[in-house]
Structure formats: structure tokens, C-alpha cells
Amino acid sequence: MVGATIKQEDNERNARELANPIKQKDDEQQVNKYSRSLKKVIKSDPASSYYETSNPTSRRGPSPSSTFPAKLHAILSCPELCHIITWMPHGCAWRILQPKLFAESVMPKYFTHQSKYSSFTRQVNGWGFKRITHGPDRNSYYHRLFVR
């Protein structure tokens, strides 16, 4: 019973506050005052220019076409490289057929910061690809979102 009366009192207080236009105006003024002071703080902070962009809807970070999966998909889509790296027939996994040739010719062209094949495999694992170790797709890599 006590809980019901407390709730009723809260509801009545909220109704009184909503009915009072002066109180609402004071609240709006406080919000505007706070937002103006916050803008001053941001403008005075030299590090804040890092977060400002010319287009507020633009995204930060690497472009989607420069991410590792996008580059890998471009490599796998290139018919000139199908003797080095290729999709499996079902299109859900891929395999590097000639790792040495891949490291010497493909990696320098697409991955300028990587020179070792082991770095490439580490990045493959870091992006969540799973290596298939048994069956006809042995030594191929799979990720449920990465398909032909």
C-alpha cells in the first residue's frame, strides 16, 4: 500500500511539473546554457580538432575497400591469380595453392606492410577465418560471412 501511494505522489508531482511552463522554460535554458559551455570547452581543447570532420556523417577508420577482407576478396576475384590462390568449388572457402609464389608476387602488390607469409596467416586468423583440416577442403580457410 505504501508503494502505491509513493507512486501516486510521483505521478502527481510529474503532472504538476509538466503543467508548469515556467519550470519547462527554466529546464530548456539550463540545457542550452550547458550545451553552449560544452561547445566552448571543445573549441578550446587542441585535441578536439581530431574529432571534428567536415562532414558529420562521414565515418572514421579505413575505407571499406582497404580492409583485409576486401583486399582478400579482390585477390580471389582476380582470374590471373587462380593458379596461386583460389575459391573452393562451392564458394564458401578458399585455398592458397602456392604459398611461396603468393608471398613473392601477390603479397607485395596487395599488402605493402606485410612481407612474410606467416604475417598473412596471422591476419587471416585474426579476422576469424577457420582453417579446414580434414576432408576434400583440407588446408582451405572458411568464414561464414566471406563467400564468393
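The protein has five helices and four strands, and the model is a predicted one. Along the sequence they follow the pattern α-α-α-β-β-α-α-β-β.

User: What makes the sheet an open one, and how do the strands pair?

Analyst: The four strands lie in the order 1-2-4-3, with antiparallel pairing, and form an open sheet. Strand 1 (85-87) and strand 3 (130-132) are at the edges: each has a single partner strand, so one side of each is left without a neighbour in the sheet. From one strand to the next, the twist averages 30°.

User: How do you know that strand 2 and strand 4 count as a pair?

Analyst: Pairing takes at least two bridges between the strands. Two bridges join strand 2 (residues 93-96) to strand 4 (residues 140-142), and the two run antiparallel, so they pass that cut-off. Within this stretch, Ala93 sits opposite Tyr142 of strand 4.

User: Which helix packs on the sheet, and which strands does it touch?

Analyst: That's helix 3 (residues 68-77), which touches strand 1 and strand 2. Its direction makes about 90° with that of strand 1.

User: Why can you say the buried residues of helix 3 are on the same side?

Analyst: Start with who they are: Phe68, Pro69, Leu72, Ile75 and Leu76 are the buried residues of helix 3. Around the axis they cover an arc of only 120°, which puts them on the same side of the helix. As background, an α-helix has 3.6 residues a turn, so residues three or four places apart point the same way. What the buried residues of helix 3 pack against is strand 1, strand 2, helix 4 (99-110) and helix 5 (117-126).

User: Why is the pair Phe111 and Phe120 called tilted?

Analyst: There are 12 aromatic pairs in the structure. For Phe111 and Phe120, the ring centres are 5.6 Å apart and the planes are at 55°. Centres within 6.5 Å make a pair, while stacked needs planes under 30 degrees apart and edge-to-face needs over 60.

User: What share of the protein is buried?

Analyst: Buried residues make up 22% of the 148 residues. As for the surface, the protein exposes about 11300 Å², with carbon and sulfur atoms supplying 56% of it.

Note on methods. Residues are numbered from 1 along each chain as its sequence is written. This is a predicted model: local features need pLDDT of at least 70, side-chain atom pairs count only at pLDDT 80 or more; totals for chains, interfaces and linings use all residues. Side-chain values use heavy atoms; hydrogens and water are left out. Rings of Phe, Tyr and Trp (its six-membered ring) pair if their centres lie within 6.5 Å; planes under 30 degrees apart count as stacked, over 60 as edge-to-face and the rest as tilted. Axes are lines fitted to C-alpha atoms, for helices over the stretch in contact, and angles run from 0 to 180 degrees between N-to-C directions. Contact means heavy atoms within 4.5 Å. Buried means under 20% relative accessible area, exposed over 50%, partly exposed in between (1.4 Å probe, protein chains only). The arc is that of the directions from the helix axis to the C-beta atoms. Accessible areas come from the Shrake-Rupley method with a 1.4 Å probe; for residues, only the protein chains shown count as cover.
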